[in-house]
Structures are given as C-alpha cells and as structure tokens.
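Subject: Structure for your review

Dear colleague,

Please find below the structure that I am handing over to you. I would be grateful if you would read the notes that come after it alongside the coordinates.

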Amino acid sequence: KEFNMFADPMFVVICVETVVLGLIVKWILVGLSNLVRLWKLRTTEGTVDDDIAEKLAIGESNQEDLEMARLELQALNSERFRHRFLERSRPWILQHLEELLTPRTLANIGAD
C-alpha cells in the first residue's frame, strides 16, 4: 500500500506550522544579528553623517558640537575641499591606484 502525503488530514497543519516556525526563527535570528551588528556595513561605519545622527538620536552632545559637526560635513561636501584633497593626495593616489581599484571596477565600462 502506497502512502499519499497530500491525502493526510494533518498535511495542511504541518505545512502551516512549518512556515510559522520558520518565520519566528527568522525574526529571532535577524533580531539577534542586528543586536550584535552582524550585518553593519564597514564602509559606512564612522562616517560623519552617522556620527551626527548618533549624537542627535542619543542627545549626548551640546549645540556647539552639533554645529561644528554640521560645518565639517558641509566642508567635506564642498567642491573646493574635494579639489584640494585630490591635489594634495595625488601622489599617494597614483601610487596606490592599483590597490584601490578592484578587477570588477576595472571591468566596468565607464566614461574614461
């Protein structure tokens, strides 16, 4: 005698239970990973924007610190700063260009 699992009356209950338990386990594991910052991107850690956002969220700094951080961010975003940075860092950038560009970046077709 062959067994047909789709004819079993508990089949639907087992499927629903499996999906629900999977969702609960996923929710718990994602919560734990966020708690230990498992998936936090390293490239965005410690940026000026993140530091300002943390200070605003926590409320640790005073108004002068926030104003100084805002001015620093504004300076970093200015074209003048970028040009001066590139001019002063040109020798180092040219020396380490091969390390900075990945093969994937080099393979991309861009405006050269």
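This is a predicted model: local features need pLDDT of at least 70, side-chain atom pairs count only at pLDDT 80 or more; totals for chains, interfaces and linings use all residues.

Helix α1

Helix α1 covers residues 11–35, and threonine 18 is found in it. The relative accessibility of threonine 18 is 52%, which is over the 50% cut-off, so the residue counts as exposed. A polar atom of the threonine 18 side chain lies 2.7 Å from the backbone oxygen of isoleucine 14.

Serine 33 also has its place in helix α1. In contrast to threonine 18, which is exposed, serine 33 counts as buried, because its relative accessibility is 6% and the cut-off for burial is under 20%. When neighbours within four places in sequence are left aside, serine 33 is in contact with Leu38 and Trp39.

Helix α4

Helix α4 is formed by residues 79–95, 17 residues in number. From its first C-alpha to its last, α4 reaches 23 Å, close to the 24 Å expected at 1.5 Å a residue.

Aromatic pairs

How many aromatic pairs does the structure hold? There are 2.

One of them is formed by phenylalanine 6 and phenylalanine 11, with 5.1 Å centre to centre and 75° between the planes. This pair is edge-to-face, because its angle is over the 60 degrees required for that class. As for accessibility, phenylalanine 6 counts as exposed, at 60%, while phenylalanine 11 is partly exposed, with a relative accessible area of 25%.

Phenylalanine 81 and phenylalanine 85 also form a pair, and their ring centres are 6.4 Å apart. Why is this pair stacked? The planes of the two rings stand at 20°, and planes under 30 degrees apart count as stacked. The centre distance is also within the 6.5 Å that pairing requires. Both phenylalanine 81 and phenylalanine 85 lie in helix α4, 4 residues apart, which is about one turn of the helix. Phenylalanine 81 counts as partly exposed, at 34% relative accessibility, and phenylalanine 85 is likewise partly exposed, with a relative accessible area of 46%.

With kind regards

How values were computed. Residues are numbered from 1 along each chain as its sequence is written. Side-chain values use heavy atoms; hydrogens and water are left out. Helices (H or I, at least four residues) and strands (E, at least two) are DSSP runs, numbered from the N terminus. Buried means under 20% relative accessible area, exposed over 50%, partly exposed in between (1.4 Å probe, protein chains only). A polar contact is a pair of N or O atoms within 3.5 Å; within protein, one must be able to donate a hydrogen and the other to accept it, and residues adjacent in sequence count only if both atoms are side-chain atoms. The expected span of a helix is 1.5 Å times one less than its number of residues. Contact means heavy atoms within 4.5 Å. Rings of Phe, Tyr and Trp (its six-membered ring) pair if their centres lie within 6.5 Å; planes under 30 degrees apart count as stacked, over 60 as edge-to-face and the rest as tilted.
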